[in-house]
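Q: I would like to learn how to read cavities, pockets and helix packing from a model. Can we work through one example together?

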Amino acid sequence: MLGHPDNNIPANPYSTPAHIVPEWYLLSYYAILRSIPNKALGVVAMGLVFVSLILMPLLSSISTIGSPKFRIISERFFWVAIADVFLLTVLGAAEIMPFTVLMGQVCACIIFLYFLVIYPLVPMIENTLYTSK
């Protein structure tokens, strides 16, 4: 029901459907993969996303405040990252055009900025802001 209708067409080695997309839960990774022109770097970028997701619990232990629910700045950046993932999901399902490729590159940069810069640094900044009082 949530899949793309082209995925239900029987396989025909002589004709490939024009637009094949993965399932909905892989669309954001697919958008990152196809927005990077070099396919090897696209695979590295997808792997970096998975490694970042695995390391998130270790990075969240940096804060002495506790849950991100009590850290206002972290919570705002979290919702920006969630919106970015939703936009990547929509871009992964869209057809390939210069605009969708450009938007995919911008969204991929934003998600990498969140995982590699914002998520590790904001708790340290919040620690100094909230504990210095």
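This is a predicted model: local features need pLDDT of at least 70, side-chain atom pairs count only at pLDDT 80 or more; totals for chains, interfaces and linings use all residues.

Q: How much space lies in the largest cavity?

A: The largest cavity holds about 40 Å³ of space.

Q: Which residues line the largest cavity?

A: The lining consists of Ala 31, Arg 34, Ser 35, Leu 91, Thr 100, Val 101 and Gly 104. By class, the lining has three nonpolar, three polar and one charged residues.

Q: Let me step back to the fold. How many helices and strands does the chain have?

A: Count the elements, then read their order. There are four helices and zero strands. Along the sequence the pattern is α-α-α-α. The chain has 133 residues, and 28% of them count as buried.

Q: What share of the contacts in the chain with a separation of 6 or more comes from residues 24 or more positions apart?

A: Residues 24 or more positions apart account for 64% of those contacts.

Q: How many residues of α1 are buried?

A: Buried means under 20% relative accessible area. In α1, seven of the nine residues are buried, so α1 is largely enclosed by the rest of the structure. The buried residues of α1 are Leu 27, Ser 28, Tyr 29, Ala 31, Ile 32, Arg 34 and Ser 35.

Q: Why does Ser 28 count as buried?

A: Compare its accessibility with the cut-off. Ser 28 has 10% relative accessibility, so Ser 28 counts as buried. Its place is in helix α1. Leaving out residues up to four places away in sequence, Ser 28 touches Val 85, Leu 88 and Thr 89.

Q: At what angle do the axes of α1 and α3 cross?

A: Read the distance and the angle together. The axes of α1 and α3 come within 7 Å and cross at roughly 70°. Angles of 65 to 115 degrees count as roughly perpendicular. α1 and α3 are therefore roughly perpendicular to each other.

Q: Which residues make the contact between α1 and α3?

A: From α1 come Leu 27, Ser 28, Tyr 30, Ala 31, Ile 32 and Arg 34. From α3 come Val 85, Leu 88, Thr 89, Leu 91, Gly 92 and Ala 93. By class, this contact has eight nonpolar, three polar and one charged residues. An α-helix has 3.6 residues a turn, so residues three or four places apart point the same way.

Q: Is Ser 74 buried or exposed?

A: Ser 74 lies in helix α3, residues 72–93. At 12% relative accessibility, Ser 74 counts as buried. Beyond residues up to four places away in sequence, Ser 74 touches Val 122 and Glu 126.

Q: Which helix supplies the largest share of the lining of the largest pocket?

A: Helix α3 does, with five residues. α1 (27–35), α2 (39–60), α3 and α4 (98–131) each supply at least two residues of the lining.

Q: How do the residues of the lining of the largest pocket divide by class?

A: The lining has 13 nonpolar residues, one polar and no charged.

Key: Residues are numbered from 1 along each chain as its sequence is written. Side-chain values use heavy atoms; hydrogens and water are left out. Buried means under 20% relative accessible area, exposed over 50%, partly exposed in between (1.4 Å probe, protein chains only). Contact means heavy atoms within 4.5 Å. Ala, Val, Leu, Ile, Met, Phe, Trp, Tyr, Cys and Pro count as nonpolar, Asp, Glu, Lys and Arg as charged, and the others, Gly among them, as polar. Axes are lines fitted to C-alpha atoms, for helices over the stretch in contact, and angles run from 0 to 180 degrees between N-to-C directions. Angles under 35 degrees count as roughly parallel, over 145 as roughly antiparallel, 65 to 115 as roughly perpendicular and the rest as oblique. On a 1 Å grid over the protein atoms alone, a cavity is a set of points where a 1.4 Å probe fits but cannot get out, and a pocket is an open set with protein on both sides within 12 Å along at least five of seven lines; lining residues have an atom within 4 Å of a point. Grid points are joined across faces, edges and corners, and a volume is the space filled by probe spheres set on the points.
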